[in-house]
Amino acid sequence: MSSRNPKRIDAIGVRHLPDRLQDIIRRRDTVLGPGYQFSETIPVEFVSSFGAHLVDRDGNDYLDAYNNVQGVGHAHKHVVDAIWRQMAAINTDTRYPQKLLVDYAERLLATVPAALSKLSLPCTGSEANDLAIRVARFHTGGEGIIATRWAFHGRTREVASFSPMLGAGSALGPNVRLIAAPDPRLVGSGCSLDDYMRDQVRSAIRDLERHGYRLAALIADSAFTSDGIFTHPVGFMKAVVDEVHAAGGLYVADEVQSGFAQLGDSMWGFSRHGVLPDIVTMGKAMGNGFPISGVVFRPEVSDEFGQKVSYFNTLGGRSISVAAASAVLDVFEQENVRERVVSTGATLRAGLETLTRESPYVGEIRGSGLYLGVEIVKDKRTLEPDSARCETIIKDLRDRRVLISRTGPASNVLKVRPPVAFTAADASRFLETFAVVAKHTL
């Protein structure tokens, strides 16, 4: 066992794992750099996958209700075949004409409002948000950024400066102001959520200006994932965006986690609110696990930047990445993915609500489509967070080979975020397993 971080390894019970896995963990701790963590408590070595399933070395099938990066399914044959065909042919970058690239850009842009007509292709969600804010600053001449109080938008130095979820060890920028997540329970009597969120934004803008910062952008994850998952009621974003525009700022819709029909009733989370972003960022499920991300702009926001600033991403927009992303769109068209998300998501939510209706430890079930949050509390009346019980539930589910995670400032919201490949049979298995766990935890 490495002497550099023994507590971390002891905490996951390494001595009780098979010898092979112990050896991997010890070697991993010796060679990997800082910040690497396992998904949840006890690590599992997976060797194969399909749909929403991961299979370990002993042939045990785990239901993956957490990893939506492989959105249309782990090892989806159509995506895998597209990647191999392209790899066997050519893999050039965006400095060369590629019909595949142009075809893909046209198909992707057809899924967003017509006013959003320019696409850039980095590799990761962090890079996408980094570019979005860079363009916003250039276009507005401002530096101020507004984000929600526990948001996560990425890990580059720039993006980390407005990602408070990273914790106290990751400093926020002096030009960053935080607003509350759109939790209707925070709204006082006689006030609407629209008014509450508008007032939050107004106060943030005033404080930025007081300290010499003109507003560049408000950036918001369309599912407010790290804040605890808040998808309803829809419509409040219009008041927020109007306030941002009145101050000369831009609205950046971060769809890295919530995009590609994860919320079910639309391809993109922002469209549920009836608003038009100035910039949209996307990633994760875009290439079904192959590294590609996107930034979509209104041309009046991005054109001058493109004329005066050289932006090039060596790996962004390469032929293989675009082939993977194009294959993902094929699957959406061929398998009626969004309709499946709506149906399966409704089944999943209804089942969770039934199983937890009488529990004094569930404050609320939130979310949309296949993006659900179950708030675990010590007392339903006080809503005091119970992160320990939340962790126990995750562990008990994992012991029964169902994988989920958690979110929220207090890490007390069960995050049920399966790939959009999740089927009705998967939902049934999940609910049957959850019912067993709920009997002794909820």
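Let me begin with the residues that line the largest cavity in this model, which divide into 9 nonpolar, 1 polar and no charged, where Ala, Val, Leu, Ile, Met, Phe, Trp, Tyr, Cys and Pro count as nonpolar, Asp, Glu, Lys and Arg as charged, and the others, Gly among them, as polar. Please keep in mind that this is a predicted model, in which local features need pLDDT of at least 70 and side-chain atom pairs count only at pLDDT 80 or more, while totals for chains, interfaces and linings use all residues. Residues are numbered from 1 along each chain as its sequence is written, and side-chain values use heavy atoms, with hydrogens and water left out.

By a cavity I mean a set of points, on a 1 Å grid over the protein atoms alone, where a 1.4 Å probe fits but cannot get out, whereas a pocket is an open set with protein on both sides within 12 Å along at least five of seven lines; lining residues have an atom within 4 Å of a point. Grid points are joined across faces, edges and corners, and a volume is the space filled by probe spheres set on the points. The count comes to 1 cavity of 30 Å³ or more, and about 50 Å³ of space lies in the largest cavity. Its lining includes Ala147, Thr148, Met197 and Phe224. Strand 5 (144-148), strand 7 (215-221) and helix 8 (237-246) each supply at least two residues of that lining, and strand 7 gives the largest share, with 3 residues; helices (H or I, at least four residues) and strands (E, at least two) are DSSP runs numbered from the N terminus.

The second largest pocket holds about 630 Å³ of space. Of the 26 residues that line this pocket, Leu119, Ser120, Leu121, Phe297 and Tyr311 are the closest to its centre. Two or more lining residues come from each of helix 4 (99-109), strand 4 (118-120), helix 5 (125-140) and helix 9 (299-308), with the largest share, 5 residues, coming from helix 9. In kind, the lining of the second largest pocket divides into 14 nonpolar, 9 polar and 3 charged residues.

Turning to the packing, a nonpolar core is a set of buried Ala, Val, Leu, Ile, Met, Phe, Trp, Tyr and Cys residues joined through side-chain atoms within 4.5 Å, and buried means under 20% relative accessible area, exposed over 50%, and partly exposed in between (1.4 Å probe, protein chains only). The largest nonpolar core has 86 residues, of which Phe260 and Phe430 touch the most other members. Helix 10 (residues 319-334) gives the most to this core, with 9 residues. A second, separate core of 22 residues includes Ala128, Ala132, Ala136 and Ala151.

Which helix holds arginine 107? Arginine 107 lies in helix 4, and counts as partly exposed because its relative accessibility is 24%. Leaving aside neighbours within four places in sequence, arginine 107 is in contact (heavy atoms within 4.5 Å) with Ser326, Leu329, Asp330 and Glu333. Arginine 107 and aspartate 330 are 223 residues apart in sequence and 10.0 Å apart in space, C-alpha to C-alpha. Arginine 155, by contrast, sits in the loop between strand 5 and helix 6 (157-160), and counts as exposed, at 61% relative accessibility. Not counting residues up to four places away in sequence, arginine 155 touches Ser126, Ala160 and Leu166.
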